[in-house]
Amino acid sequence: MIVLTADMGGTRIKLGRAEVSADAAEIVESAVLDAASDRGLVARLPAVSEALWALNPGGEAVGLGVCFASITVGDRVTTSFGKYEDAPGVDLGQWAREALGLKLTLENDARAAAVGEWRYGAGRGSDDQVMVTLGTGVGTCPIIQGRPLRGKHGQAGILGGHLAIPEGRTPCTCGSIGCGEAATGTATLPRRAPDRPDLHDYAAVFVAAERGDADAARLRDEALRGWGEIAVNLIHAYDPERLIVGGGVMGSRDMILPAVQRWVDDYACTPWGRVEVVAAELGDAAGLLGVARLAAEPYFNPGDP
């Protein structure tokens, strides 16, 4: 079946036409828009509608899946986290019906990516797993006994980057202190190395660290420790058998995955066995494919919520 999808990022809006089945999914056509999220969601929706119409010329789509880097409940975004500040006041379900004639499935972006990897990527074969996305911030979502964790208010499981880590005292954008995201996200690098603008993304950090740059080695080691601590927090909270690691930093996966696996092996309490740490497989498409699957789910399992 055909499902239209949109990933409303703070920098880019990724759009897709997805072919979805119970066992496979593919983005067969796509488009990208500038987010201009500082202008607000209402200002961008007409362009999003136009682009989605272009991806559905024959009207075959059975639904629309949209994911946001925010907490979502039903058809609404409940908080903005600095992007699309007007989003909590927008009834996106009404927009989807009126602008596109489609039923909306709205989901947090980390949860959508976790569903994508679970159904079609690195999570296949396991119904108990956690995905963690390392990038500007830290996104997380557990799948527990074959169900994405949501909670009454939509935030269960997706705030794993805001679990505190040892020695963390840095104020975080969420209002707390000591969060793993506040210590390790890409957005923290300018603060942690203010005099080294050449080290303000992790790709540069890992390359420079390999060349013996002391500042880069410090940033790398702090990040690897923090990501290991985040992983152990997630394992203790959600009891997965697999930890999937994705995000923009994974160009350095050959260093990151072994380091996180060692930390998990050394410090996670798992008397039943070993949690497997693996790389995500779907890249930027994970969120689009995941929310497409969620939008198609009622057709596979009628009556399921």
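A residue is called buried when its relative accessible area is under 20%, exposed when over 50%, and partly exposed in between (1.4 Å probe, protein chains only). The model is predicted, so local features need pLDDT of at least 70 and side-chain atom pairs count only at pLDDT 80 or more, while totals for chains, interfaces and linings use all residues. Residues are numbered from 1 along each chain as its sequence is written, and side-chain values use heavy atoms, with hydrogens and water left out.

Cys 141 is buried, at 0% relative accessibility, whereas Cys 269 is exposed, with a relative accessible area of 59%. The structure contains 0 disulfides, a disulfide being a pair of cysteine sulfur atoms within 2.5 Å. For Cys 141, the closest cysteine sulfur belongs to Cys 67 and lies 12 Å away, which is too far for a bond.

The largest pocket has a volume of about 1,500 Å³. A pocket is an open set of points on a 1 Å grid over the protein atoms alone, where a 1.4 Å probe fits, with protein on both sides within 12 Å along at least five of seven lines; lining residues have an atom within 4 Å of a point. The volume is the space filled by probe spheres set on the points. Among the 49 lining residues, Ala 69, Asp 109, Thr 133, Thr 136 and Gly 137 are the closest to the centre of this pocket. The lining comprises 18 nonpolar, 21 polar and 10 charged residues; Asp, Glu, Lys and Arg count as charged, Ala, Val, Leu, Ile, Met, Phe, Trp, Tyr, Cys and Pro as nonpolar, and the others, Gly among them, as polar.
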